[in-house]
Amino acid sequence: MRKCFKVSMSASEGLGKVHVITGPGKGKTTAAFGLAMRAAGHGLKVCVIQFMKTGETTGEVMAAKGVRGIEVQQFGTGKFVDLRKPSAEDRRLAREALQYARAKLESGDCQMIVLDEVSTAVSYGLISKSDVLEAMKSRREGVEVVLTGRDAPLEIIEYADYVSVIDSWKHPFDEGVSARKGIEW
């Protein structure tokens, strides 16, 4: 007689991996919010920490407000960061975001933590890659982490369990089309 095995897993079993979503293409934040929605749908608590972003005008932030189990915290000035000369306020807010992230990572309050645009904050020199790695290593066991942003540092890529690179072959912006509500934001 053939035996059947029932596979049963609680929503939080097997968690604790690190995801990096990077590259020059569109959709890194969108992919991270997709993971957040999936996790929340299975009863996990998700904390999304957005570096260099503020305001509730993006579709994903507005939608997340209506999803039980997803918390979004934003740390930005509301202006684009000047790559050549980031402001003291940009640096302060990025450090504040990382400090908040570290507290969440260590507390275990959330089973998934999304550090949106953290790689970009590192590449702009607002925070250091070593501080980001240190924060991830300090996380409580079983906390899944998702990092987004262009130009993810090699050390973070090597530390990660999943690495997705989103490329851009073609984009309407290249033809002068402005960002469209509900599509790009």
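Helix H3 (residues 88-107) contributes three residues to the lining of the largest cavity, the most of any contributor; helices here are DSSP runs of H or I with at least four residues, strands are E runs of at least two, and both are numbered from the N terminus. This is a predicted model, in which local features need pLDDT of at least 70 and side-chain atom pairs count only at pLDDT 80 or more, while totals for chains, interfaces and linings use all residues. Residues are numbered from 1 along each chain as its sequence is written, and side-chain values use heavy atoms, with hydrogens and water left out.

Let's stay with that cavity. On a 1 Å grid over the protein atoms alone, a cavity is a set of points where a 1.4 Å probe fits but cannot get out; a pocket is an open set with protein on both sides within 12 Å along at least five of seven lines, and lining residues have an atom within 4 Å of a point. The count comes to one cavity of 30 Å³ or more, and the largest has a volume of about 50 Å³, taken as the space filled by probe spheres on grid points joined across faces, edges and corners. Among its lining residues are Met52, Phe75, Asp90, Leu93, Ala94 and Leu126.

Now for the open spaces. The largest pocket holds about 1400 Å³. Of its 37 lining residues, Thr29, Lys53, Phe80, Glu117 and Glu184 lie nearest the centre. Helices H1 (28-41) and H2 (59-64) are the elements that give two or more residues to this lining, and H1 provides the largest share, five residues. H1 turns up again in the second largest pocket, where it gives the most to the lining, with three residues. That pocket has a volume of about 260 Å³, and Leu15, Arg38, Ala39, Leu44 and Met112 lie nearest its centre.

Cysteine 47 is buried at 0% relative accessibility, and cysteine 110 is buried at 1%.

Notes:
Buried < 20%, exposed > 50% of the residue type's maximum accessible area, 1.4 Å probe, protein only.
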